[in-house]
Amino acid sequence: MVRALICLELILNSINLNLITFSDLFDRRQLKGDIFAIFVIVLAATEATIGLSILSSIHCNRKSTRVNQSNLLNN
């Protein structure tokens, strides 16, 4: 599950790089890409906070954080 969170963070960081690059390349006067990148950074921070809190609560209850061994929907 930690790997999934790290992969999601990497994907969001690559989105930020694309937003900044294409914003600078196509429209230097307006800051639309920069504003969207800041929004994605905030989104990634909240995702990390919520994801880690869910991960810690699963670990406290189940003593395992493996995604393939999780059966939370069966209970």
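These are my notebook entries on a predicted model of one chain.

**Ground rules.** I number residues from 1 along each chain as its sequence is written, and my side-chain values use heavy atoms, with hydrogens and water left out. As the model is predicted, local features need pLDDT of at least 70 and side-chain atom pairs count only at pLDDT 80 or more, while totals for chains, interfaces and linings use all residues.

**Entry 1, the whole chain.** I looked up the secondary structure and found 2 helices and 0 strands. Helices (H or I, at least four residues) and strands (E, at least two) are DSSP runs, numbered from the N terminus. Of the 75 residues in the chain, 16% are buried. Here buried means under 20% relative accessible area, exposed over 50%, and partly exposed in between (1.4 Å probe, protein chains only). The chain exposes about 6,200 Å², and carbon and sulfur atoms supply 66% of that area. Such areas come from the Shrake-Rupley method with a 1.4 Å probe; for residues, only the protein chains shown count as cover.

I then asked at what angle helix 1 and helix 2 pack. The angle is about 175°, and the axes are 9 Å apart. Helix 1 is therefore roughly antiparallel to helix 2, a label for angles over 145 degrees. Axes are lines fitted to C-alpha atoms, for helices over the stretch in contact, and angles run from 0 to 180 degrees between N-to-C directions. Helix 1 brings residues including Leu5, Leu12 and Leu19 to the contact, and helix 2 brings residues including Phe36, Val40 and Leu52. Contact means heavy atoms within 4.5 Å.

Is asparagine 16 buried or exposed? Asparagine 16, in helix 1, counts as buried because its relative accessibility is 11%. Leaving out residues up to four places away in sequence, asparagine 16 touches Ala37, Val40 and Ile41. Asparagine 13 is also found in helix 1, but at 39% relative accessibility asparagine 13 counts as partly exposed.

Leucine 10 sits in helix 1 (residues 2–26) and counts as exposed because its relative accessibility is 56%. Val2, Ile6 and Leu10 make a nonpolar surface patch of about 280 Å². Patch residues have over 30% relative accessible area and no salt bridge; like charges are joined within 9 Å, nonpolar side chains (Val, Leu, Ile, Met, Phe, Trp, Tyr) within 5 Å. A salt bridge is a side-chain nitrogen of Lys or Arg within 4 Å of a carboxyl oxygen of Asp or Glu.

How values were computed:
Angles under 35 degrees count as roughly parallel, over 145 as roughly antiparallel, 65 to 115 as roughly perpendicular and the rest as oblique.
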